[in-house]
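Here is a short briefing on one protein chain. Look over the sequence and the model, then read on.

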Amino acid sequence: ALSGPFGMLLSVGWLAFAGPLILWFIFRDRSPYLRAATARAFNFQLGMTVASITAWLLLFTVILIPVSIIIWIAVFVLSIYYPIMATAAASRYEPYHYPFSLPVLN
């Protein structure tokens, strides 16, 4: 769950989805729990990446710059808060369902 925020920090927000995707490829056959957890983390980070790209597009329409800044702040806060909550749930071996995720991996 924390590979997303680490990827976000290392790539300045552009590759936050790469960490969960790499872990999904490595651990998908080892455990159904790990497969589901990494897939949910990837789906959430993919949703945050799409929101960030949307904010970049809104930045180029000068009139929507404030909306773009609000989206970036929301993406930053959500990309830190929800993985921490998922990590806490994982430490109790409970599944965590992220909001704002795009269902790509299962």
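A residue counts as buried under 20% relative accessible area, as exposed over 50%, and as partly exposed in between. By that scale Tyr-81 is partly exposed, because its relative accessible area is 43%. The model is predicted. The protein has four helices and zero strands.

**Overall fold**
- The elements run α-α-α-α from the N terminus on.
- The protein has 106 residues, and 34% of them count as buried.
- Take the contacts between residues at least 6 apart in sequence: 58% of them join residues at least 24 apart.
- The accessible surface comes to about 6500 Å². Carbon and sulfur atoms account for 78% of that surface.

**Helix H2**
- Helix H2 spans residues 18-27. Its buried residues are Gly-19, Pro-20 and Trp-24.
- These buried residues fall within an arc of 135° seen down the axis of H2, so they line one face of the helix.

**Nonpolar core**
- The largest nonpolar core has ten residues in all. They are Ala-41, Phe-44, Met-48, Val-75, Leu-78, Tyr-82, Ala-86, Ala-89, Tyr-96 and Tyr-98.
- Helix H3 (32-60) and helix H4 (65-91) each supply at least two residues of this core.
- H4 gives the largest share, five residues.
- As a general background, nonpolar side chains in soluble globular proteins tend to be buried together.

**A buried asparagine**
- Asn-43 is found in helix H3.
- Is Asn-43 buried or exposed? Its relative accessibility is 7%, under the 20% cut-off, so Asn-43 counts as buried.
- Which residues does Asn-43 touch, not counting those up to four places away in sequence? They are Ser-101, Leu-102, Pro-103, Val-104 and Leu-105.

**Aromatic pairs**
- A search of the whole structure finds six aromatic pairs.
- One of the pairs joins Tyr-81 and Tyr-82. The ring centres are 5.0 Å apart, with 70° between the planes, and the pair is edge-to-face.
- Tyr-81 is partly exposed at 43% relative accessible area, whereas Tyr-82 is buried at 17%.
- Tyr-96 and Tyr-98 also pair. Their ring centres lie 5.3 Å apart and their planes stand at 90°, so this pair is edge-to-face.
- Tyr-98 counts as buried, with a relative accessibility of 9%.
- Phe-44, Tyr-81, Tyr-82, Tyr-96 and Tyr-98 form one aromatic cluster. Phe-44, Tyr-82, Tyr-96 and Tyr-98 also belong to the largest nonpolar core.

**After H4: backbone and charge**
- Tyr-93 lies in the segment after H4.
- Tyr-93 has a positive phi of about 60°, although this residue is not a glycine.
- For context, most residues other than glycine have a negative phi.
- Tyr-93 is exposed, because its relative accessible area of 69% is over 50%.
- How many salt bridges does the structure hold? It holds one.
- Arg-92 forms a salt bridge with Glu-94. The closest N and O atoms are 3.3 Å apart.
- Arg-92 is partly exposed at 48% relative accessible area. Glu-94 is partly exposed at 36%.

Note on methods:
Residues are numbered from 1 along each chain as its sequence is written. This is a predicted model: local features need pLDDT of at least 70, side-chain atom pairs count only at pLDDT 80 or more; totals for chains, interfaces and linings use all residues. Side-chain values use heavy atoms; hydrogens and water are left out. Buried means under 20% relative accessible area, exposed over 50%, partly exposed in between (1.4 Å probe, protein chains only). Contact means heavy atoms within 4.5 Å. Accessible areas come from the Shrake-Rupley method with a 1.4 Å probe; for residues, only the protein chains shown count as cover. The arc is that of the directions from the helix axis to the C-beta atoms. A nonpolar core is a set of buried Ala, Val, Leu, Ile, Met, Phe, Trp, Tyr and Cys residues joined through side-chain atoms within 4.5 Å. Rings of Phe, Tyr and Trp (its six-membered ring) pair if their centres lie within 6.5 Å; planes under 30 degrees apart count as stacked, over 60 as edge-to-face and the rest as tilted. A salt bridge is a side-chain nitrogen of Lys or Arg within 4 Å of a carboxyl oxygen of Asp or Glu.
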